[in-house]
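Notebook open, structure on screen.

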Amino acid sequence: MVNLTKEQQKMHDGEMGEAARQSMEILAAMGKIYGAEKMIGISSAQVSGVSYKTIGDAGLEYLQDLVEKGAKTTVPTFLNPAGMDTSQWEEMRIPKDFAEKQIEILDAYSKMGIMKTCTCAPYFIGIRPKQGEHLAWAESSAVAFANSVLGARTNREGGPSALAAAICGVTPEYGLHLDKNRTANIIVDVECELKTTADFGALGSAVGRLAKNKYPAFRGIKSATEEQLKVLGASMAATGSVPIFFVENITPEYKVAEDAERMPFTDHQLEESRAALDSNEKPQLVTIGCPHASLEEIREVAAMVKAKKPTCEFWVCTSRKLKEEAERLGYAKTIQEAGGRVVADTCMVVCPLERMGYTVTGTNSGKAAKYLPSLCKQRVAFGKLEDILYR
Ligand code: F3S
């Protein structure tokens, strides 16, 4: 049984409205299942279940019902990507029926006081929790980044539990909120050189598959940018269910169990992982920014396509805030002149690509490579950008 404070008990008993009651009931039930002794305050929540493609009419009704019951968030709360760019969905050929439902979903969240950030990389727009801060984040790659790269503490929440935590301002204290659980139980000795972001994606895809729900600690990675770490974490979270990882001399925490298993990761495995993700076809569309691109990544793409025009359509997926920054700095114009588009609020996986005439999509992310076939019926061209943009 989770011990509730007086105020939490009031919420549980319905004295603070039906939405708070329903939310506290979800949190208390989770706490009971996972053996939490109490609730802890969170500094922010990040809610998934935003695209109409993933939540459908049932999800929209659930949200509208919560709005009617007076749901209001009590901590800063952000949204995961939606199914379209809200300001250029017509140019992107998003079907109108889809767009209308998507707008209703965003409106429902907005009525609860949630910011329409629609990004899976909130840490690139200034939402950077400090080491040790407790959160209730839902997007798997954002969870991996927050725990591993920032040293903040969050379990991998589902959409409803993140929303319940946002409404109550607390989450049950179990799992990665506790020191004792933040320990690696598999060591990966990286014996190959990781040269590109796609290499980090291929490493993450392979390790996620092997680690399953174990927590990996990497040795032998000499340097890694935040962009590469985000792709590593996203890829492991997609092929396994890895909510935290450690990189020796790079991540703020690095704790390994004495009886941790060891596995090498060689040139041969890297090549094998890359090859398994790539159909070797020429993509009709290359999507960059999974998780959402940083300003530095947008700058790099702009420089690359300015020097040589790609041979296919391409999108750079990012947050609205960074899209506006890219417009201000001229990167978006350069990208547009080269046949591309900077796309905000959405990503290649949650927008309806399969209804837009695409069948082969390129990516340098292990996470997108994993989900494009199942969620968008795409064949995948996987590789570094210099390869897939000019195949
Ligand atoms: Fe983000 Fe979509 Fe990739 S939500 S992590 S860009 S699959």
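For what follows, I take contact to mean heavy atoms within 4.5 Å. Helices (H or I, at least four residues) and strands (E, at least two) are DSSP runs, numbered from the N terminus. Caveat for myself: this is a predicted model, where local features need pLDDT of at least 70, side-chain atom pairs count only at pLDDT 80 or more, and totals for chains, interfaces and linings use all residues. Residues are numbered from 1 along each chain as its sequence is written, and side-chain values use heavy atoms, with hydrogens and water left out.

Entry 1, H3 and H4. I looked up the pair of helix H3 (residues 52–68) and helix H4 (residues 96–111): their axes come within 9 Å and cross at roughly 40°. The axes are lines fitted to C-alpha atoms, for helices over the stretch in contact, with angles from 0 to 180 degrees between N-to-C directions. I call H3 oblique to H4 because of that angle; under 35 degrees would be roughly parallel, over 145 roughly antiparallel, 65 to 115 roughly perpendicular, and the rest is oblique. On the H3 side I find Tyr52, Lys53, Ile55, Asp57, Leu60, Leu63, Gln64 and Val67, meeting Phe98, Lys101, Gln102, Glu104, Ile105, Ala108, Tyr109 and Lys111 of H4.

Helix H5 (residues 140–148) and H8 have axes that come within 8 Å and cross at roughly 125°. That makes H5 oblique to H8 as well. From H5, I see Ser140, Ser141, Ala144 and Phe145 in the contact, and from H8, Glu226, Lys230, Gly233, Ala234 and Ala237.

Is H5 buried or exposed? Nine of its nine residues are buried, so the rest of the structure largely encloses H5. Buried is under 20% relative accessible area, exposed over 50%, partly exposed in between (1.4 Å probe, protein chains only). Those buried residues pack against strand E2 (44–47), strand E4 (135–137), H8 and helix H13 (366–376).

I found Thr239 in helix H8 (residues 226–239), and Thr239 counts as buried because its relative accessibility is 19%. I then checked polar contacts (N or O pairs within 3.5 Å; within protein, one atom must be able to donate a hydrogen and the other to accept it, and residues adjacent in sequence count only if both atoms are side-chain atoms). The Thr239 side chain reaches the backbone oxygen of Ser205 at 3.0 Å. A polar atom of that side chain also lies 3.3 Å from the backbone nitrogen of Arg209.
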